[in-house]
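This report looks at aromatic rings, charges and strands in one protein model. Please keep the structure in view while reading.

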Amino acid sequence: MLKKLFYLILSVGILTFMLPNNLQAQSNVLNLQYTIYSQNPDIQSFKNEVDDGGFFSDVYEYEFEQKDIKQKTQLNNGLYRYVIETSDEDANYNGNVLNVNFTEPKLGRKQGKITIINGQKYLQLEFREKILKKYAIKFQDAAGKELQFTASSISLKLADNKSINLQQKNKMYYLYREKEYTDQGDFLPLADLNLLSKQIVEISGRQYILEKTVLDDDVYTFTLKLAEKAEREIKISFDMSLPYTISDGDELELLMPDGTVNKVKLSAFNGRGEADYNYKLLTIKEGAIKLKELPRSLRSYYGIIKQEFDPKTETLRVKLGKRIGIVVLQPQADVNYNNWIPKSIISGVALNLADEKGNIIQSGQKRVNMYGWEANDVFVSQAGTYWIQITAINGRNDLDITRKYQLQIKENGRPYLQTYNGQEYALANPLGAEDGTIADDNSYTINLLGSKTLYYILPGHKAEFAKNVVDKTNNQLLQTQQVKNGDTVTFNLKMLIPSDHNILLHSGKYAKLGNKNDLSFADNLDPRLRFVEGSLHLTVNGQPTDDFIATYNAQKHAIVLQDKSKTYTADFDFNNNIKLPPKATLELSFTTKVNWTSNSPKGNIINELAGEKVILKPVKDIKVQKIWQNSEGDNISALLKAVNVRLYQDGQKTDKTYELTELNHWQITVTDLPIYSSLDQHKISYELKEEYDDNAYQVIYNKKDDKVTIINKLKEKKPQPTKSEKNKLTEIPDNPLPSTKITKKIVAKTGERHSNTKAGGFCCLLLAVATVFGRKQVFTKTDY
């Protein structure tokens, strides 16, 4: 026997060593799901490359075989939709954004984000084969005579400032346009080409005017007219309802229809409304004229909101707007009056200008100002109230940009910028633009405000949240926990308060740190959670605090945190730095009691705050009792020493069995059964059926709430079984079912990935045990 035991241990050790790593430890499974549209009717395999975009990242190649194609659907117009699925059980990518490049078939490259669905990682992307439509191009003059050209390509401008190229092949010109299609394969109508009308087209060194474009039977016909020069009387009209000034002799640059620049002189203007100038210019007979840029005297303080050329009156109308330059700052460390601006400039934000009702009317224009700072400009043409909206770009999401910034333009043209957090206003500009002693009411200082004297916005960083439940057994912090009706659940919220707790610079004299109510929030609770009075506990850096107040609002069924932080001030001093407070950790905990009824909401209990989600999964216990009865219905002694019962879930047999014996008094409790499905949150039905089968007995199942009573009742009186029969156990089949496997092929370019060959090792292990002990074993079909 000892010898057999030695060989058994040796076999287990060898087989364990041979097991893939993904069986010895929990694997990092990534489910890959792609939907592909293609004109190829018979794709046998797919290949794509995946990387996480890092500089030293590996690029892995996945091969999808025929069995990975879960669905193939024939669509309209010769298109096919393929749905392919597989999983990578060792997907050790950095981050959750991956680059996917289909190399076969060639479907291009896309970036996808890993999503979590019911605790599983998924990368889901759609690829569409690009289908191009070819159009022939014909050129003609106004009389319909065909024009022949030899240039290898001809460029045309679109109305949105983009351009297209017409390519020559075999003395013909062609245009290729992409055809978009629906999920059913129906081609969408092509949008109009939307060429810029009356544009100048240069072909082989000569200039033509594009008069007309016609599409007929997949042929574009362009009517061209040779551009001729003549003297034209042009009127330039500036207009703004705010006061503005033009210096005498200032130079204006006009962009002519043929692409040349014509310079003219301006006379002085000081006022509001229209300022008109007339010129005679030698240029081509037709085509629009526009400003290349504003003259120097206007350029620093004003911008072009709109310019429009009227060919009937030969008038260029230019709508001016006061230039409001804005710099977004974020001090990263202690700063002083001399260096806080250059040390605090940040990028990754854009500005929009909205009207008083919040409708966006203009996007800010990014520029680098004369000091080398990154600024954004908006242009306002008339007095009124506006709002500046900050948006994050280039993946910048660490700033709190919820605050509103109100811009007021007075009738005299003076701008004011102040912040508003929903309760109070504070000036956003630190250089005292509202102070009359600093900025007098004359045209020079009013022009200066908002442009060379920039306005500064200082949004703070977002607070960092972490929300968990506390495990009662070991005090670990978890984001998912099983709960039963009546359980108590303690939540723990940690908030890392940034050092720049919404800085506001005010009047050029001091900095205000900690504007009130910036970090207030309400944590709404699920109706199935009852708040336990007196359980709220709040600290900052481990100590009690007066800067925040936490309460339970019974009417809203929410935990409310109010930011009551004080306002601190620090004088701007040329020698002393403005001190930024260190980051602080706020910790809030509270206890709830789980209580659900038949009228309660269904599904998991989810508690979410600031993107942090805690999931409580309702579970229950089922009590099982077995009773033996004679044919009269009287309870009798057990006829067997043990009987197994099997768990069924939604009518399907599971692999979970439980043993009822004399030792456990024929009673067991099946614990921690999920009440709702993790897939679709439907309520799961459970059954427990005994595995012992004898025609002499009638099996009766009595169910009440979460208790099952199994009665074995004799159909008729029979002799008591012998001792050997009493010890009889369920028979084990002689012929085991074969083990099966499904293998996903994953080929690594720069490193090996594990193949998913799982079943073989286990089958060998079971065979070894069977050989040593010479007993029958049950082999179940395993599907990997």
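The charged end of Lys-110 lies over the ring of Phe-127, at 5.6 Å from the ring centre. A second case of this kind is Lys-179, whose charged end is placed over the ring of Phe-187, 3.9 Å from its centre.

The mean pLDDT of the protein is 80, and 81% of the residues reach 70 or more. Over residues 1-27, however, pLDDT stays under 50, and the model has 24 contacts beyond four places in sequence for this stretch. Residues 430-438 also have a pLDDT below 50, with 20 contacts beyond near neighbours in sequence. Where pLDDT is low, the predicted coordinates should not be read in detail.

Phe-127, the ring under Lys-110, also belongs to an aromatic cluster, together with Tyr-34, Phe-46, Tyr-62, Phe-64, Tyr-82 and Phe-102. In total, the model has 24 aromatic pairs. A pair of aromatic rings is described by the distance of the centres and the angle of the planes. Two of the pairs are set out below.

| Aromatic pair | Centre to centre | Angle between planes | Arrangement |
|---|---|---|---|
| Tyr-34 and Phe-102 | 5.3 Å | 80° | edge-to-face |
| Tyr-135 and Tyr-220 | 5.2 Å | 55° | tilted |

Which parts of the chain does the pair of Tyr-34 and Phe-102 tie together? Tyr-34 is in strand 1 (residues 30-38) and Phe-102 is in strand 6 (residues 97-104), so the pair ties together parts that are 68 residues apart in sequence. Are these two residues buried or exposed? Tyr-34 has a relative accessibility of 1%, so it counts as buried. Phe-102 counts as buried because its relative accessibility is 2%. The cut-off for buried is under 20%.

Tyr-135 and Tyr-220 are both buried.

Another part of the chain shows how two strands pair. Strand 52 (residues 697-704) and strand 53 (residues 707-714) run antiparallel and are joined by 8 bridges. Within this pairing, Tyr-697 stands opposite Leu-714 of strand 53.

Methods. Residues numbered from 1 in each chain as written. Predicted model: local features only at pLDDT ≥ 70, side-chain atom pairs only at ≥ 80, totals over all residues. Heavy atoms only, no water. pLDDT = per-residue confidence, 0-100. Contact = heavy atoms within 4.5 Å. Phe/Tyr/Trp six-rings, centres within 6.5 Å; stacked < 30°, edge-to-face > 60°. Helix = DSSP H or I, 4+ residues; strand = E, 2+ residues; numbered from the N terminus. Buried < 20%, exposed > 50% of the residue type's maximum accessible area, 1.4 Å probe, protein only. Lys NZ or Arg CZ within 6 Å of the ring centre and 35° of its normal. Pairing = 2+ DSSP bridges.
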